Amino acid sequence: MTTYHIWTVGCQMNKADSERLGSGLEQLGLSECDDPWTADVVVLNTCVVRQSAEDTATGMLGALKKEKEKDPARRIAVMGCMVGPQSKELSRRFPQVDTWARPQEFEPILQMAGETVGIDPDGCIQELLPADPRVSTFIPIIHGCDKFCSFCIIPYRRGREVSRSIEELVYETEMLVSRGVREVILLGQNVDSYGHDLEPAHDLADLMYAVNEVEGLDRIRFLTSHPSDMSAKIIRAVGELPKVCENINLPFQAGDDVVLERMRRGYTRDEYLRKVDEIRENIPGVAMVTDVIVGFSGETESQFANTLDILTQVRFDKVHSAAYSVRPGTIAARQHPDTVSVEEKKRRLVQLNELQEGICGDINSGFDDSEFDVLIDGHSRGKYQGRTRTDKLVYIENSETFETRIGGFAMVRITGTSPWSLQGEVTAAEMSATGDRLRVYPA
Ligand code: SF4
C-alpha cells in the first residue's frame with residue numbers, strides 16, 4: 001500500500017491543515033506512516049515565524065534529498081508558510097521537491113498523490129475532514145492576516161484575510177460532532193476579524209451563536225484574538241453562550257507604548273488593560289492567556305519593566321513568551337535594527353518566565369479542593385488527562401474507579417497543583433455505557 005507522512009511544525013493552523021490534508025490522502029487510498037524516511041509521499045508542513053523553524057524545515061529537506069537519491073520514485077511536497085506567492089526560487093534551491101503548495105492549498109499535493117496511486121482526485125474526494133478526529137478538533141475559520149505587525153512575516157506568506165461562510169462552518173462542526181468531536185477550536189491568525197469580508201458581513205459573535213446551536217457539541221474555544229478587534233459584541237457572546245469556554249487568548253506582545261508603536265500593534269498599554277477589564281466584567285471566571293516578545297528592537301530596561309508590570313497587573317493564567325528574532329522581509333527587519341544582545345534577551349526571558357511561574361503557581365494553588373468539569377482527551381503513564389473549560393491541564397489520579405474514557409466528561413476534585421497543571425480525583429464520570437451526561441456545562 002502507498003504510504004504518506006505529514007511532518008508538521010508551527011501553529012495550530014498548520015496542525016489543522018495537516019489533519020485535513022491527511023483526510024484527503026486517505027480518501028485516495030494512501031495509509032499513514034510514522035516514518036518520514038520510508039513513506040512514499042512525504043509532506044513538510046512548514047513554519048517561518050522564527051528563523052529557527054525555517055532552518056529546521058531546510059535541514060529536513062537536505063536529509064530527504066539523500067533519501068530521494070536512493071529512491072527517485074519517492075514524492076516530496078512542501079506546504080505552509082515557507083511557500084510564498086513565488087515558488088520559483090524555492091524550486092531552484094530545492095530540486096528534490098516535487099510540489100509546492102501555499103497554506104490551505106491542498107489541491108497540488110492531492111494531485112501529486114493521486115498520480116502516484118493512479119487515481120484522479122477530482123470527484124473521489126469528499127470534504128477534507130479527519131475521518132477519526134480528536135475529541136477536541138481545530139476548525140480554521142479565517143485564513144490570512146491584514147494586520148502587518150512590524151515583526152511578523154505571516155501576512156506576506158498567508159495572504160490577506162479570507163473568511164469561510166457560517167453555513168460551511170456549521171456543517172463542518174456537525175460532521176465532526178457526528179464523528180465523536182465534543183469540542184471545537186475556531187482558529188484564525190486574528191480570529192476576531194472573522195467575517196468582515198463576507199457578503200453580507202458577519203462577525204465572530206454571529207458564528208459562535210450559530211455553532212452553539214449544534215446538537216451534541218459541548219464546548220467551543222477560539223484562537224487567537226487581537227486587542228483592537230475584540231469587540232464588545234464578541235465579549236458579550238462569550239459571556240452569554242453556554243458552550244463557549246471562559247478562556248481568552250489575547251496577545252499584548254509588549255507593555256510599553258513606544259515599543260507597541262514600533263511593533264505596529266495598533267493599541268496602547270492602557271487600551272489593552274481596559275480590554276482586559278471589559279473581558280473580566282463580562283465573563284466571570286475567565287482565564288486569560290497572552291503572547292509576549294522580549295528584546296524587540298531598541299527595547300530598554302525600563303520598557304521591558306513595563307512588560308513585567310502588565311504581567312503583574314493582569315495575572316495571566318498562561319503566557320507564551322519569546323525572545324525577539326529578526327525575520328527578513330518584515331517591516332522591523334527593514335526599519336528597526338535588532339539592538340538588544342542575545343544574552344540580554346535571554347536574561348529578560350528568564351526573568352519574565354520566573355515571574356510568570358510564580359503567578360501561575362499562585363493562581364493554580366487557589367483551585368485546591370475545587371471541582372471542575374474535565375473533558376478527557378488523553379491517557380499516558382496509566383493516567384487520564386483532560387482540560388477544564390478554562391483550559392487547565394488536569395491529571396486524573398483515580399480514573400479506574402469510574403467508567404472514564406477519552407472523549408468523556410468527568411467531575412474532578414482538585415487534590416494537587418503546580419504552576420503548569422492540576423491533579424485531581426474523579427468524583428463522578430459520564431457513564432460510557434448509557435452516554436448519560438452528568439454535567440456538561442454550568443446550568
Ligand atoms: S496579528 Fe500581527 S502577529 Fe498576528 S499574524 Fe497578524 S501580523 Fe502576525
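# Reading backbone, sheets, core and ligand shell

User: Q253 lies in the loop between strand 10 and helix 9 (257-263). What value is phi of Q253 near?

Analyst: First, the source. This is a predicted model, in which local features need pLDDT of at least 70, side-chain atom pairs count only at pLDDT 80 or more, and totals for chains, interfaces and linings use all residues. Residues are numbered from 1 along each chain as its sequence is written. Helices (H or I, at least four residues) and strands (E, at least two) are DSSP runs, numbered from the N terminus. Now the general idea: most residues other than glycine have a negative phi, and most peptide bonds are trans. Phi of Q253 is positive, near 70°. Q104 also has a positive phi, near 65°. Its loop joins strand 5 (99-101) to helix 4 (107-117).

User: Why does Q253 count as buried, and why does Q104 count as partly exposed?

Analyst: Count C-beta atoms, placed from the backbone, within 10 Å of the residue's own: 20 or more others make it buried, 12 or fewer exposed, and anything in between partly exposed. Q253 counts as buried because it has 23 such neighbours. Q104 has 19, so it counts as partly exposed.

User: Which peptide bond is cis, with omega near -5°?

Analyst: The bond from E199 to P200. P200 lies in the loop between strand 8 (183-188) and helix 7. The bond from L223 to T224 is cis too, with omega near -15°. T224 belongs to the loop between strand 9 (219-223) and helix 8 (232-240).

User: On to sheets. What is the order of the open sheet of three strands?

Analyst: Strands of a sheet pair through backbone hydrogen bonds, either parallel or antiparallel. Here two strands pair if DSSP finds at least two bridges between them. The order is 10-11-12, with parallel pairing. Strand 10 (247-249) and strand 12 (318-323) are the edges, each pairing on one side only. Neighbouring strands are turned by 10° against each other on average, direction ignored. Axes are lines fitted to C-alpha atoms, for helices over the stretch in contact, and angles run from 0 to 180 degrees between N-to-C directions. Strand 11 (residues 287-294) joins strand 12 over six parallel bridges. I293 has A322 of strand 12 as its bridge partner. Helix 13 (residues 342-365) packs on this sheet, touching strand 11 and strand 12, and its direction makes about 175° with that of strand 12. Contact means C-beta atoms, placed from the backbone, within 7 Å.

User: How many strands form the closed barrel?

Analyst: Five, running 13-14-15-17-16 with mixed pairing. Strand 13 (residues 371-380) and strand 16 (residues 409-417) pair in the antiparallel sense over five bridges. F372 stands opposite V412 in strand 16.

User: Which residues have the most contacts inside the largest nonpolar core?

Analyst: In soluble globular proteins, nonpolar side chains tend to be buried together. A nonpolar core is a set of buried Ala, Val, Leu, Ile, Met, Phe, Trp, Tyr and Cys residues joined through C-beta atoms within 7 Å. The largest has 106 residues, and V43, I141 and L186 have the most contacts inside it. Helix 7 (residues 204-212) gives the largest share, five residues. Beyond four places in sequence, V43 contacts Y4, I6, W7, L21, A77, M79 and I109.

User: Which residues are around the ligand?

Analyst: C145, K147, F148, C149, C152, I154, P155, Q189, N190 and H226. Each has its C-beta atom, placed from the backbone, within 6 Å of the molecule.

Key
Contact = placed C-beta atoms within 7 Å.
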